[in-house]
Amino acid sequence: MMQPMQKWIETLRHRWDYPMLPRPLIRYVGAVSVFGALVAIAESAIFWPAMDRDTWLLTCLLVALATVAERFPLHLTHKMNCNAATAVYIAMLLLLPAAICPLAALLAVSIAQIWRMHARADLGIAEPAFNIGQTALYVAVAALATHLAAIWIPNQPQIGSIPIGNLVIATAVLHMVNTLLVSQAAALHLEVPVWPVWRSSLRLDLVPVLAMMLMGLCAAELGMASPLFIPALFVPALLIHQAVQRESDLRKNTRDSLSAMVEIVELRDPYTAGHSRRVATNARLIAHALGLPGEMQDLIESAGATHDIGKVAIDPAILLKTSKLDDGEWEQMRSHPGLGAEVLSRFESCQDEVRFVRSHHEAWDGTGYPDNLAGEAIPLGARILAVADTFDALTSDRPYRDGMQIAKAIAILGDGAGKQWDAAVVTAFLGILAERPELVAVSQARPDTPIAAAA
């Protein structure tokens with residue numbers, strides 16, 4: 001018995017990835033993980049009601065549905081997910097006694113997270129533990145709010161058999177508490193105030209949550225008619241999951257194909273090989289440091305990977321020229337942001353990146369191109385790409401000059417802050433370099449190495 005127990009303890013110790021996290025975030029993750037589970041258990045234990053066979057059956061079926069939804073979230077982008085379990089939790093709050101819901105959610109999310117850890121040997125414990133605790137906590141708070149709403153707001157108007165007030169309050173409390181808990185973790189990690197992060201999360205997640213509310217309403221109506229109708233939800237849920245996943249995969253494949261096209265163009269010149277990949281990586285780092293939401297980080301990273309796609313239409317002799325460009329050649333070179341934006345605009349999945357690509361050579365003082373935008377009229381994503389692009393260009397070897405030393409490139413960025421580039425973006429990027437000197441050393445040794453391996 002001792003050997004399996006020791007092996008299990010060693011596995012937990014290996015998976016616990018807290019050394020990579022800031023200490024305030026470690027404490028917060030631990031507190032939410034433990035407190036959330038305790039609140040769910042306590043609320044259910046204190047107020048546990050008498051349950052008949054139909055209620056037990058309904059509970060088991062909803063727990064099974066929530067477990068599958070938690071285990072297989074919808075991948076909307078390569079770094080952003082949508083969790084359909086919210087719809088199941090809304091159905092729980094509308095169908096089951098309030099005291100049962102927290103424990104049912106705790107059971108479902110625990111099984112799903114253990115399932116994830118079994119499938120992924122590289123997954124640490126901190127993330128699953130936080131997911132379990134925060135899910136149990138926000139469902140427990142929503143269950144209490146829904147129970148009080150049923151008492152304080154009698155004779156509510158109904159949709160079918162479902163009280164509208166209970167539906168709205170259950171959805172609103174789930175959404176607000178869930179996003180608050182996650183936003184606090186993000187704010188501690190980024191060392192920024194929680195309110196801007198929470199406000200952004202509330203806005204970005206609003207449409208998916210409204211969709212989850214409608215799905216939860218449908219599930220509750222079916223469950224109200226008969227618990228045996230709940231398994232019927234697995235079929236449409238599976239079909240919706242597959243349809244959304246295929247559409248997401250198509251968007252990702254389109255972006256990957258465009259990025260590959262850019263890399264092929266860059267491979268014609270050994271000096272610029274990997275440039276767009278490095279710009280994309282470092283642009284995401286800057287966006288992360290500025291506290292931008294994950295979805296915006298995705299868009300900026302994607303735009304960075306394709307920001308030079310317009311060079312496909314540029315004469316290779318110009319791209320490889322070792323001497324100074326004449327006026328005609330320079331004019332052709334200046335056309336590549338507009339050409340790149342035109343190429344991306346033909347793809348539905350790339351519409352959000354078009355303006356970033358078009359404006360990545362605009363200057364803060366209005367002297368850039370192609371539209372002579374100035375200041376905050378330049379999209380923030382383009383301002384971020386401009387700094388990442390310039391730094392990589394300065395520190396990489398080119399046919400007409402050797403790459404600069406890091407210190408000189410930093411000085412150029414500092415001198416141009418508030419003139420050529422957005423000062424806040426420059427400050428964020430220089431802060432990254434100052435906090436991670438080992439990355440600077442790598443860049444000095446190999447100018448073609450990205451500043452960071454991951455955002």
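Reader: Is Trp56 buried, partly exposed or exposed?

Author: This is a predicted model, in which local features need pLDDT of at least 70, side-chain atom pairs count only at pLDDT 80 or more, and totals for chains, interfaces and linings use all residues. Residues are numbered from 1 along each chain as its sequence is written, and side-chain values use heavy atoms, without hydrogens and water. Buried means under 20% relative accessible area, exposed over 50%, and partly exposed in between (1.4 Å probe, protein chains only). The relative accessible area of Trp56 is 44%, so this residue is partly exposed.

Reader: How many aromatic pairs are there, and which class describes Trp48 and Trp56?

Author: Rings of Phe, Tyr and Trp (its six-membered ring) pair if their centres lie within 6.5 Å; planes under 30 degrees apart count as stacked, over 60 as edge-to-face and the rest as tilted. The count by this rule is seven aromatic pairs. For Trp48 and Trp56, the centres are 6.1 Å apart and the planes are at 45°, a pair classed as tilted.

Reader: Which class describes the pair of Tyr89 and Tyr138?

Author: Tyr89 has a relative accessible area of 1% and is therefore buried; Tyr138, at 5%, is buried as well. Their ring centres lie 6.4 Å apart with 75° between the planes, which makes the pair edge-to-face.

Reader: Over which rings does the charged end of Arg71 sit?

Author: A charge sits over a ring if NZ of Lys or CZ of Arg is within 6 Å of the ring centre and within 35 degrees of the ring normal. Arg71 lies 4.9 Å from the ring centre of Phe72 and 5.5 Å from that of Trp115. The rings are those of Phe72 and Trp115.
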